[in-house]
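Please read them with the structure open.

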Amino acid sequence: MCRSIKTLRPPVLPEEATEEEIRAAALQYVRKVSGFRTPAAHNREVFERAVDAVAEATAELLAGLEVRGGAARQAAG
């Protein structure tokens, strides 16, 4: 997939992912899937809606994940 999308969940990212980081990952994903770095004017609205939807789904995913053992690894490190 897209190598420039970084993992946003702990322990890879010890603090919570910011909205900016989530949106950047969503943008990279939509760019990769659509094949457009910047969409043409006639595709801009659907492109932005897709970024918003992916960002929302990503935030929901991260909020619902249960990362076991993360606190123990961070305390040991």
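1. Arginine 23 has a relative accessibility of 31% and therefore counts as partly exposed (buried is under 20% relative accessible area, exposed over 50%, partly exposed in between, with a 1.4 Å probe and protein chains only). Aspartate 52 forms a salt bridge with arginine 23, with the closest N and O atoms 2.6 Å apart (a salt bridge is a side-chain nitrogen of Lys or Arg within 4 Å of a carboxyl oxygen of Asp or Glu). Aspartate 52 lies in helix H2 and arginine 23 in helix H1, so this pair ties together parts 29 residues apart in sequence. Aspartate 52 is partly exposed at 41% relative accessibility.

2. This is a predicted model, in which local features need pLDDT of at least 70 and side-chain atom pairs count only at pLDDT 80 or more, while totals for chains, interfaces and linings use all residues. Residues are numbered from 1 along each chain as its sequence is written, and side-chain values use heavy atoms, with hydrogens and water left out.

3. Glutamate 48 and arginine 23 also meet through their side chains in a salt bridge, at 2.7 Å from N to O. Here glutamate 48 is in helix H2 and arginine 23 in helix H1, so the pair ties together parts that are 25 residues apart in sequence. The relative accessible area of glutamate 48 is 33%, which means partly exposed.

4. The structure holds 3 salt bridges. One of them joins the side chains of glutamate 45 and arginine 49 at 2.9 Å, N to O. These two are 4 residues apart in helix H2, so about one helical turn separates them. Glutamate 45 is exposed, with 58% relative accessible area, and arginine 49 is partly exposed, with 48%. Salt bridges with shared partners join Arg23, Glu48 and Asp52 into one network.

5. Leaving aside neighbours within four places in sequence, arginine 31 is in contact with Phe36, Arg37 and Phe47 (contact means heavy atoms within 4.5 Å).

6. The chain has 3 helices and 0 strands (DSSP runs numbered from the N terminus: helices are H or I of at least four residues, strands E of at least two). Buried residues make up 19% of its 77 residues. Of the contacts in the chain with a separation of 6 or more, 62% are between residues 24 or more positions apart.

7. Threonine 58 lies in helix H2. A polar atom of its side chain is 2.7 Å from the backbone oxygen of valine 54. Not counting residues up to four places away in sequence, threonine 58 touches Leu8 and Ile22.

8. Alanine 59, also found in helix H2, is partly exposed, with 33% relative accessible area.

9. Glutamate 66 lies in the loop between H2 and helix H3 (70-76). Its relative accessible area is 61%, so glutamate 66 is exposed. Glutamate 66 and arginine 9 are 57 residues apart in sequence and 9.7 Å apart in space, C-alpha to C-alpha.

Notes. Polar contact = N/O pair within 3.5 Å; in protein donor to acceptor, adjacent residues only side chain to side chain.
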